[in-house]
Amino acid sequence: MIEINGVNKSFGALKALDNIVATIQEGSIFGLVGTNGAGKSTLLRILSGVLKADTGAALIDGQNVYENPEAKAKVCFLSDTAYFFPNATIQTMEDYYTIVYPAFDRERFSELTEKFGLDKKRRINTFSKGMKKQVSVLLGVCTGTKYLLCDETFDGLDPVMRQAVKSIFAMELMNRRFTPVIASHSLRELEDICDHVGLLHKGGILLSKDLEDMKLHIHKVQCVIPDPVKEEELLTELHVLQHDKRGSLLTVVARGTRQEILMSIEDKQPIFSEVLPLTLEEIFISETEVAGYDVKNLIF
Amino acid sequence: MTSKISFFKLMKEDLKRRSWLVALVWVACFILQPMVLMLRLESVMSAVNGGYMEKAYAINTYRSYVGFENEGLALFVILTAVVVGASGFAFLHSRVKLDFFHSLPVTRKKFFFVQYLSGILMFVVPYTVCSLICMLIGMANGLLTGAVAVYALKVIPFRILEFLSAYGTMILACVLTGKLLNALLGGLALAGYLPLVLSVLVGMKSLFFSTYLQDTNGSMRAMLHTRHMLLSPVFVGSAVENMLEKNAQMLHNGKWIVIGTGMLVFWILVTTGVALRLAVLRKTEAAEQAMAFPKTEGIVKVLLVIPLSLATGLFVQDMLYASDKKWFFIAAIGTVVLLSAVVEFIYHTNMKEIFRHKLQILLTGIATLAIALFFFLDVSGYDTYLPAKEDVGKMALYNEQINGNFYYPELGESDGAFQSYSPESALRNTLISDFDPIYELARKGARGEKPSEEDGRTICVEYRLKDGRTEFRQYLVDRKDLEKAMTALFSDEEYVEKTYPIFWRETDLDPSSEMYVEGLFGSEILKLTKEQKQEFLDVYRKELRTISYQDLNENTRAAFSVSIVSEEQYDPYLRSSTSYSENGYPICEKFTETIAYLKEKAGLDVTRQISEKDVRSVEIMDYRNREEESIQIDDPEQIRQILEKLEYTPLYFVTDDSESINIFLTMVDGQTSMGRPYFKKGNVPDFLMKNE
């Protein structure tokens, strides 16, 4: 488990992280979302032991991570700009990772590079940006560390590769204790990968929730209720987060289980009703609006 | 898990990553050591084999190449240290690299040692191997004698220590800064800062204190003194090697070598230790910033600007040859503003911010001015310093007209040659207990009594205080006061014996030392056997003890000079030696035994009168008018008139009542007069009076 206990970090006069308190449970894919400058990279760099928190502590399985090789050995950090040695090939980097991460799985790495069509003997500086990201992720996954911290690693990957990486993560989650933490400035990049998301804004965490949990308790419904009085009654009955009416078609985003909401609608004798899929963006907009933030301005 | 990460594997990986540098150092070492040596020896050995050159010369050439004399290699060592240090620790200046390296399960300390030791290997292995190849080359050519082998083996560890010191400094500069350019500038600052401060101190004393004992070899030499370099963590190695080389040539006392080696080790420990400590404390976010510890920015700026501004002031004053000190102040204050702006630009690379810290610039200017005024107004009372007589144990006086003729040993206090003409060496060798006449002169000098330009004489004084301290001063004193003091001093046998090295320099006289007697007649070599030379010296010493200042000034007929060849300086390879000559030993009229010995054993009559028949021509350089006039006189009658009025001293004394005319006599045998023939004021031959 990763525990972030009141972490503060400033760069000169700039407060990058302001009393962050959060917990990242094992076995989930944690998405860290926030605008540029929200403090995502700073938080990941603290969690990987690159930066030292001014106050507070970042604990990896109960151990302070800064200058603690034992704790750091459980973490692999993939920076937003992947670093490879000058003129290095994939093989060169693999050799180095094998030294610094003794649990590095060479066999799996070879298998994955082959699957991704990456030539191990080719110089990395001749690769495209996306290919470099692939190399970086594959190296990170094969380190065998319990925690993989990815800073904007998925931004820019094409959908096929995203899917491939997602499946690798799923496989790792099944086969071993593995907890990836993925930071991104875009929720859209994370919604199909993460199952838990934390929203960072101006150095503080606004929200940290399980996606499935959120999806189970927020629903979007479209319906046509001929009686305006009953329509009003419906809006009062439901815990409405958002509603919109175009012509006779009423669209409602409300908190509650699918069954509860549908029962309320059926009760008002609608001509038509259906439950629509909610995007992660819509869930976040709804959740953060309730918290008093106009999240549209923050992350979209 | 961490313990499984092999330190040596990390080192191996670092060496692989920097394989370009490993190859470069190997190639450079190979070219600069065995290859250049072979090229040099090729021509030398062919000359030796052809019988054109002694083998000893080839050995000496080889020795100088593998030894401390090879300054090019010393420079290469420093440059390599800079490049290896910068390449090993430049990752500290890159955020991307730090994100990678600092996220690895390796402590910063361990990573420091990995980089540090692999860097050392990069230099030590190729350098040592190439040095050993050089020894094999010497052996193959028959040049590696036992002594040369021992010497060459001694050079290797010293060069490695020199590397370590410069290497540690460069690493420290990398750790202290956030950009490579700043690291290089920082390395330069660390290398030169303390010698600069010391040199500025010497320069300020020299400019503002009239009693400061100037280095006779020039102010630049004083400023670039080898001993100052011991304070440089980069150049300390070269300074020690320089001392070792002089020591190898018997030109240097060992005391400073011990101190220098101590300083070298000290700098290695300090630079490496501080760099390690700061590398652990250094924040990762310092990468790409000007300084790794932002709070030091202001301090570093002020500490750099003040001495550099003062140094610029000294430089400008020196360039202008101006007596008016205002140029010093103008240049120093101007440099404060300019340098502050330059440093701010280096920090922020933004022209708009170069004058951001105006108060800091103002305070730096005030501090610079305060230091300059401290010297200018002589707040410390340097020029008026006069210790209480009861606190003084001994004193010495340097009068150039007398002491300037002789070499005095350095007594291990300096890094200069074993023998020196410097006033400091003379003073250290001529300390006397009965110093009243010197103290009286010093008292007048310290009081600042300024004699007229014509009557002013510069003297140097050493106070050896009873508490062990030593103070040197230089005073301008009145000629008459000096003559009075000299008269008193010459009556003190201790003064005479210490002043004339012939009394105590017996060991330096080698059979090949030659002796000359110089007078109006020219210079004659003494054709004496070794025993006769010794006999002559015994006679001479006995009479010299009785000399008075009046004898020296008025009754000296000739001077005896000796070309000294020190056995210790004899070069066994070159089969030659460095000789130096002293030509200030007076032969006065009252030295009857000396004169008789010279006449009897060397066939030389120093008392013989010179007539117009002995002189072929006289050259007159007349300076009485502003323009120099040169006249060649061949007419016997005119020569007779000249000889009639001619006065003579063999000691180059500038007699106070002499005319500004230089006279050179050429004898019929081709010899030229030695010493100083002159006319007394108003006693010039009639035919020359027309020139007035």
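**Figure 1. Polar contacts and salt bridges between chain A and chain B.** In this predicted model, eight residue pairs, both members at pLDDT 80 or more, are in polar contact between chain A and chain B. The two chains are also joined by four salt bridges. In the salt bridge between Lys9(A) and Glu285(B), the closest N and O atoms lie 2.7 Å apart. Side chains of opposite charge can pair in this way when their charged atoms come close.

**Figure 2. The side of chain A that touches chain B.** Three elements of chain A each give two or more residues to this side: strand E1 (2-11), helix H2 (69-72) and helix H3 (90-100). Of the elements, H3(A) gives the most, with five residues. By residue class, this side of chain A comprises 17 nonpolar, four polar and seven charged residues.

Figure 3. In total, 28 residues of chain A are in contact with 28 residues of chain B. About 2,700 Å² is buried between the two chains, and carbon and sulfur atoms give 64% of that area. On the side of chain A, the greatest losses of area to chain B fall on Tyr83(A), Tyr96(A) and Ile99(A), which together account for 24% of what that side buries.

**Figure 4. A salt bridge within chain A.** Across all chains of the structure, 48 salt bridges are found. One formed within chain A pairs Asp61(A) with Lys74(A), whose closest N and O atoms are 3.5 Å apart. Asp61(A) lies in the loop between strand E4 (55-60) and strand E5 (63-64) of chain A, whereas Lys74(A) lies in the loop between H2 and strand E6 (75-78) of chain A; the pair, 13 residues apart, links distant parts of the chain.

**Figure 5. Domains of the two chains.** Chain A is assigned domain 1 (2-202) and domain 2 (214-299). The C-alpha centres of these two domains of chain A are separated by 37 Å. For chain B, the assignment gives domain 1 (11-208 + 221-294), domain 2 (389-499), domain 3 (503-601) and domain 4 (615-689). Between the C-alpha centres of domain 1 and domain 4 of chain B the separation is 59 Å.

**Figure 6. Confidence along chain B.** Chain B has a mean pLDDT of 85, with 90% of its residues at 70 or more. Within chain B, confidence is highest in helix H6 (residues 108-140), at a mean of 96, and lowest in helix H9 (residues 219-223), at 46. Residues 412-418 of chain B stay under 50 in pLDDT, and the model has 31 contacts for them beyond four places in sequence. Residues 567-576 of chain B are likewise below 50, with 26 contacts in the model beyond near neighbours in sequence. Where pLDDT is low, the predicted coordinates should not be read in detail.

Notes
Residues are numbered from 1 along each chain as its sequence is written. Chains are lettered from A and ligands numbered from 1 in the order in which they are written. Side-chain values use heavy atoms; hydrogens and water are left out. pLDDT is the predictor's confidence in each residue, from 0 to 100. Helices (H or I, at least four residues) and strands (E, at least two) are DSSP runs, numbered from the N terminus. Contact means heavy atoms within 4.5 Å. Buried area is the accessible area (1.4 Å probe) that two parts lose on being put together, summed over both. A salt bridge is a side-chain nitrogen of Lys or Arg within 4 Å of a carboxyl oxygen of Asp or Glu. A polar contact is a pair of N or O atoms within 3.5 Å; within protein, one must be able to donate a hydrogen and the other to accept it, and residues adjacent in sequence count only if both atoms are side-chain atoms. Ala, Val, Leu, Ile, Met, Phe, Trp, Tyr, Cys and Pro count as nonpolar, Asp, Glu, Lys and Arg as charged, and the others, Gly among them, as polar. Domain bounds come from an automatic or database domain assignment.
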